[in-house]
Amino acid sequence: MFYAQLAVNGLVQGLVVGLGALALTLVFGIARFPNAATGDTMTFGAYTALTVHKASGSLALGSIAAVGGAAVLALVAYLTVFKRLAGRSVVSLLVASIGIGFMIRAGLGVAFGHQQQVFNVPLSRPIRIAGLAINPLDLQLATVAVVALAAVFAILYLTPIGRQMRAVADNRDLARVSGIRPERVMTAMWLIAGGVSAVGGMMLGIKTIVSPEVGWEMLLPIFAATILGGIGSPVGAVVAGLVLGVAQEVSTPFVGFTYKIALSFVVLLAVLLVRPRGLFGRIEGVR
Amino acid sequence: MKTTRREFLGSVAAGAALVAAPSIVRAQGADAIRIGALCPVTGVGGPYGSGMQKMIVAAAEAVNAAGGAGGRKIEIVAEDTQTNPQAAVLAAKKLIEVNKVQAILGTWSSGVSLAVIPLTNDAGIPLMHCSGAPALSVPPANAKGLGFRFQATNDRFGRAFAEICEKEGFKRPATMAFNNASGIGNTEGFTKAWKAKGGEVVESVVYEPNQASYRSELMKVLAANPDVIVTGSYIADTTIILREWFQTGQPVKWIIPGWAANPQLVEALGAEVTEGIISVDSVSNEGAEAFKAYDAAYQKAMGQAGTNNVYAAMTWDMMTVLALAIEAAGTSDMAAVVAKLREVGNPDGKQVSSFAEGKEALKAGKINYEGASSVLDFDQHGDVTPDFGAYFIEGGKLNRRYVVKI
């Protein structure tokens with residue numbers, strides 16, 4: 001029961017990481033570079049939600065604004081920077097994304113200051129489900145995350161644009177000769193990646209605090225989950241985020257709290273030794 | 001508009017003259033001793049920084065009004081650390097290399113002081129700071145003995161926590177520390193002092209920064225059924241931990257350092273969650289004559305009581321005690337001045353509470369400056385031992401109930 005409680009504690013953290021990893025892996029799979037601005041897009045989402053929540057008092061409105069705002073931000077970053085650099089080496093794109101991350105962070109710092117801010121959401125006592133203490137707010141956040149994930153997977157697997165996105169991710173050249181327009185696919189992908197980041201950022205902001213650095217500081221676990229899940233695999237990213245979050249918490253009775261982060265990387269290493277392509281990754285031929 | 005070469009040269013010459021002008025003006029006061037006031041005017045330290053800087057200037061004015069130190073006037077060059085180590089290093093470089101200051105006063109936050117002290121060490125000039133990290137007491141940071149701390153060390157904060165724990169009758173304390181030198185310094189200082197009193201610590205947890213949740217950490221601490229949790233923490237993690245603790249519904253008291261349990265924390269969490277938290281911060285030497293002088297200067301400069309800014313009292317003392325040491329050394333050669341700092345600050349001399357008084361008394365013999373921030377006795381590490389205030393958060397307000405001496 002004790003371990004089950006630890007696992008539950010890890011789930012919410014895992015969902016935040018999983019959402020970030022999903023955004024990262026979408027970009028990785030389709031635009032083929034690691035987008036280091038993912039964390040800062042999350043922060044942008046958190047600040048948008050916070051501002052709208054303060055002004056309107058509605059968390060639902062805040063989350064809609066956050067998803068919309070971050071999606072537009074991601075698209076603008078694509079149109080102004082990444083599109084121009086398409087075809088360059090991965091390193092140029094990575095460095096450009098680090099630069100965009102810096103700009104977002106600095107902009108938020110100037111606009112909102114570096115002092116921490118919090119979502120004023122009512123505090124509630126946990127409810128007991130089968131002996132497990134579960135916080136109603138966590139339950140709500142988890143629901144939001146699951147809905148967001150369901151929406152993304154529905155787009156990916158049930159719509160024509162999703163099919164095209166997966167086709168581009170599988171084989172860009174083949175997709176192009178089949179008449180898929182990369183421009184549309186890219187636009188859709190960046191909008192989705194931005195929106196998903198915003199949900200993760202908002203959850204993180206509600207759970208913790210909002211400051212210009214919160215998203216940036218999540219980047220390392222997000223990268224770990226992306227790699228563990230298999231680069232480019234949306235399902236893998238989410239599952240890996242949850243695995244890492246739960247593994248961290250369940251390990252704490254054995255390794256203590258200071259080493260739980262290291263432990264998640266041990267899990268990562270162990271999986272990659274046995275399965276170098278990650279949990280859900282596919283073996284790709286050299287292009 | 002076209003610029004001819006002649007116009008261009010003319011403007012360059014004018015610009016050069018402008019740049020050179022301050023040094024021409026300064027040349028008249030060539031014998032002034034230049035001191036850097038490097039305070040957190042912006043950033044997290046912003047609420048304190050501008051008062052700190054103004055008190056360095058005010059104390060220097062008091063020194064100059066009394067005829068200067070060692071026969072020379074003091075000139076203050078002010079810079080902002082932005083409470084950011086990178087910005088602080090740039091500013092310190094400028095103060096040392098361009099302004100040729102003889103000392104840097106007023107750095108705040110351990111990260112900033114740890115970043116600046118290698119520069120002052122290389123320049124062979126003292127750094128007087130208000131930071132808590134124990135690492136600032138010993139080599140490598142303080143290898144040359146040029147660092148002087150006017151704030152309590154984290155270890156002393158821990159001792160104050162233990163005093164308050166005893167006074168409040170707590171029997172089963174647990175600790176939670178942010179995993180860095182300052183956080184662990186607080187709780188280890190507490191544990192050491194508490195065990196020396198014969199008490200036991202029922203549980204202790206060191207946690208990592210930037211976690212989305214601290215529920216597992218809290219589960220472990222709360223499972224030991226503590227009656228109080230003592231933290232070495234910062235405001236961000238404290239906010240998350242207290243919120244999650246409140247949601248568990250398990251009653252427990254908290255003792256938290258003043259930089260984490262402040263009005264901002266109350267604002268973030270509301271009065272209900274923070275009710276009864278004991279916030280511990282160092283307090284000024286409020287009964288002292290020197291404090292009255294500082295208080296008057298602070299009211300004049302900031303329009304507020306001097307008790308609002310413990311760090312400004314520290315910077316007031318920095319300037320005063322440095323000027324006294326210069327006076328005692330009779331030179332602005334910093335090696336000689338630093339050697340005199342303990343002599344003018346520590347006991348076994350006539351007690352004085354201002355520069356003017358000290359300057360007079362130095363003619364007769366040894367002095368002991370009793371400061372506005374503390375009695376200002378430096379130990380072998382250049383650290384002082386201020387008093388501590390126990391502030392109880394009641395109805396969303398921090399009320400000081402008593403002062404603890406360690």
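Read from the N terminus, the elements of chain A follow the order α-α-α-α-β-β-α-α-α-α-α-α-α-α, in what is a predicted model. Together the secondary structure of this chain amounts to 12 helices and 2 strands. Chain A has a radius of gyration of 19 Å, close to the 19 Å that the globule rule gives for 287 residues, so chain A is as compact as a globular protein of that length. Taken along the principal axes, the box filled by the C-alpha atoms of chain A is roughly 55 × 50 × 35 Å.

Of the 287 residues in chain A, 51% are buried. Among the contacts of chain A with a separation of 6 or more, 76% are between residues 24 or more positions apart. The accessible surface of the chain is about 12,500 Å², and carbon and sulfur atoms account for 71% of that surface.

Helix α8, which covers residues 182–207 of chain A, has 26 residues, and the distance from its first C-alpha to its last is 37 Å, close to the 38 Å expected at 1.5 Å a residue. Helix α8(A) is mostly covered, with 21 of its 26 residues buried.

The table gives their relative accessibility.

| Residue | Relative accessibility | Class |
|---|---|---|
| T226(A) | 1% | buried |
| W216(A) | 32% | partly exposed |
| V41(B) | 27% | partly exposed |
| P226(B) | 6% | buried |

In chain A, T226(A) belongs to helix α10, residues 219–229. With a relative accessible area of 1%, T226(A) falls under the 20% limit and is therefore buried. Leaving aside its neighbours within four places in sequence, T226(A) is in contact with A21(A), L24(A), T25(A) and I231(A).

W216(A) is part of helix α9, residues 214–217 of chain A. Its relative accessibility of 32% lies between the limits of 20% and 50%, so W216(A) counts as partly exposed. When neighbours within four places in sequence are left aside, the contacts of W216(A) are A36(A), G39(A), D40(A), T43(A) and R105(A). Between W216(A) and F102(A) there are 9.3 Å from C-alpha to C-alpha, although the two residues are 114 residues apart in sequence.

Turning to chain B, V41(B) sits in the loop between β1 (33–39) and α2 (46–65). Leaving aside its neighbours within four places in sequence, V41(B) is in contact with G46(B), G49(B), S50(B), Q53(B) and D80(B). V41(B) and S131(B), which are 90 residues apart in sequence, are 15 Å apart in space, C-alpha to C-alpha.

P226(B) lies in another loop of chain B, between α7 (215–223) and β8 (228–232). Is P226(B) buried or exposed? At 6% relative accessible area, P226(B) is buried. Not counting residues up to four places away in sequence, P226(B) touches R172(B), P173(B), A174(B), V202(B), V221(B) and V252(B).

Notes. Residues numbered from 1 in each chain as written. Chains lettered and ligands numbered in written order. Predicted model: local features only at pLDDT ≥ 70, side-chain atom pairs only at ≥ 80, totals over all residues. Heavy atoms only, no water. Helix = DSSP H or I, 4+ residues; strand = E, 2+ residues; numbered from the N terminus. Expected span 1.5 Å × (residues − 1). Buried < 20%, exposed > 50% of the residue type's maximum accessible area, 1.4 Å probe, protein only. Rg over C-alpha atoms; globule rule 2.2 N^0.38 Å. Contact = heavy atoms within 4.5 Å. Areas by Shrake-Rupley, 256 points an atom, 1.4 Å probe, with all protein chains shown as cover.
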